Amino acid sequence: MTDWLRALPKAELHLHIEGTLEPELMFALAERNSVTLPHDSVEAVRAAYDFEDLPSFLGLYYQGMGVLHTQDDFYDLAMAYFARAHEDGVVHVELSFDPQAHLVRGVPLEAPFEGLLAACRDAESRYAISSALIMSFLRDRDSAEALEVFEQATPWHAMIDAVGLDSAERDNPPGRFAEVFARAREMGIPGVAHAGEEGPAAYIREAWEVLEVCRIDHGVRCLEDPELVARLREARVPLTVCPLSNVKLKVTDTLAEHPLPALREAGLNVTLNSDDPAYFGGGMLDNYAACHTAFDWTRDDFIDVTRNALQAAFMAEERREALLEKLRGVA
Ligand SMILES: Nc1ncnc2[nH]cnc12
Ligand SMILES: [Zn+2]
């Protein structure tokens with residue numbers, strides 16, 4: 001089954017590029033940039049990845065990205081990820097990144113934007129992987145700052161495929177960011193938002209109704225609100241679900257208890273993604289394989305979630321048609 005899952009033309013719609021930073025590269029970049037790390041070995045870093053919840057993960061995630069300084073660092077980070085994604089049979093990647101988390105450390109916008117865009121171009125020529133760029137705002141920081149950073153990113157607006165919203169969800173409802181999402185929408189840039197990962201179903205409703213996002217990242221807690229489930233189903237709103245992430249951050253105790261089967265039985269538009277693969281124990285293929293083990297999904301189930309992702313992706317229609325055709329070939 002693993003070889004068959006690898007051959008599926010998979011699209012990854014929910015990926016934080018800073019969350020792809022493997023400890024080996026973390027040490028190499030720390031040396032390159034003369035950064036002192038709190039751990040003295042790769043093994044010690046990995047051993048620290050034992051999370052209680054989303055905030056306990058975010059502490060290490062923001063600390064880890066402290067080794068990223070230059071355009072070359074972001075390029076190397078993304079190329080290392082693209083190489084692994086290619087091995088997994090991923091054909092399209094939507095990279096989210098957190099510009100504010102770099103700006104607060106004195107890293108200018110040019111570094112992530114130019115480094116990531118160069119990597120996206122090289123991933124296309126080297127691996128035939130298409131990509132999209134999602135500029136995310138940190139929901140636990142001021143909404144005026146998000147607006148300011150969006151304006152500061154004007155030279156790259158034409159290269160942004162969507163804006164996003166992430167970081168600590170509890171007590172940080174999405175509605176505060178209405179203005180920056182509206183600004184982006186006026187410019188033809190759609191929005192996506194994390195909602196219903198640790199936060200309540202009401203945040204999913206608010207992200208959809210107030211921010212007018214076209215996709216929900218995670219969204220697993222929508223099941224607590226049957227009326228919302230019915231509306232999400234009718235509108236076929238894509239949910240970018242991240243099974244291994246949800247287990248690592250204790251959204252569910254085990255994968256066997258994960259609401260994925262219930263979400264699909266409810267007729268929701270579910271996709272599979274890796275979120276922060278370096279921290280959560282696996283990339284796209286690991287997430288697919290884990291669902292095979294936990295839920296005993298058939299080939300048709302995997303074709304269904306893969307088709308959902310291709311249909312929900314920010315990609316040229318011609319490319320989408322070609323990949324859907326490839327998917328029909330694998331079936
Ligand atoms: N799983 C996640 N939830 C919210 N913000 C994040 N930033 C990186 N990973 C995240
Ligand atoms: Zn995420």
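Predicted model: local features only at pLDDT ≥ 70, side-chain atom pairs only at ≥ 80, totals over all residues.
In helix H9, which spans residues 178-186, the buried residues include Val 180, Phe 181 and Ala 184. These residues cover an arc of only 100° around the axis, which puts them on the same side of H9.

- What covers the buried residues of H9 includes strand E3 (130-138) and strand E4 (162-166), together with helix H8 (143-152).
- An α-helix has 3.6 residues a turn, so residues three or four places apart point the same way.
- After H9 comes Gly 188, and the phi angle of this glycine is positive, near 85°.

**Helix H4**

- Helix H4 runs over residues 54-64, and its buried residues are Leu 54, Phe 57, Tyr 61 and Gly 64.
- These four cover an arc of only 90° around the axis, which puts them on the same side of H4.
- Helix H2 (23-32) and helix H14 (277-280) are among the elements that cover the buried residues of H4.

**The largest nonpolar core**

- The largest nonpolar core holds 99 residues, and the members that touch the most others are Ala 78, Leu 95, Leu 116, Ile 204, Ala 207 and Ile 216.
- Helix H5, made of residues 71-87, gives the most to this core, contributing 7 residues.
- If residues up to four places away in sequence are left out, Leu 116 touches Ile 17, Phe 74, Ala 78, Leu 95, Phe 97 and Leu 133.
- In soluble globular proteins, nonpolar side chains tend to be buried together.

**Gly 199**

- Gly 199 lies in the loop between strand E5 (192-195) and helix H10 (201-209).
- This glycine counts as buried because 23 other C-beta atoms lie within 10 Å, where the cut-off for a buried residue is 20 or more.
- Gly 199 touches Glu 169 and Arg 170, again without counting residues up to four places away in sequence.
- Although Gly 199 and Arg 170 are 29 residues apart in sequence, their C-alpha atoms are 5.2 Å apart in space.

**The shell around ligand 1**

- Ligand 1 is surrounded by His 16, Gly 19, Leu 54, Tyr 61, Asp 166, Ser 167, His 194, Glu 197, Ser 245, Asp 275 and Asp 276.
- The residues of this shell divide into 2 nonpolar, 5 polar and 4 charged.
- Leu 54 and Tyr 61 belong to this shell, and both are also among the buried residues of helix H4.

How values were computed
Residues numbered from 1 in each chain as written. Chains lettered and ligands numbered in written order. Core = buried A, V, L, I, M, F, W, Y, C linked by C-beta atoms within 7 Å. Buried ≥ 20, exposed ≤ 12 C-beta atoms within 10 Å, placed from the backbone. Helix = DSSP H or I, 4+ residues; strand = E, 2+ residues; numbered from the N terminus. Contact = placed C-beta atoms within 7 Å. Near = placed C-beta within 6 Å. Nonpolar A, V, L, I, M, F, W, Y, C, P; charged D, E, K, R; others polar. Arc of directions from axis to C-beta.
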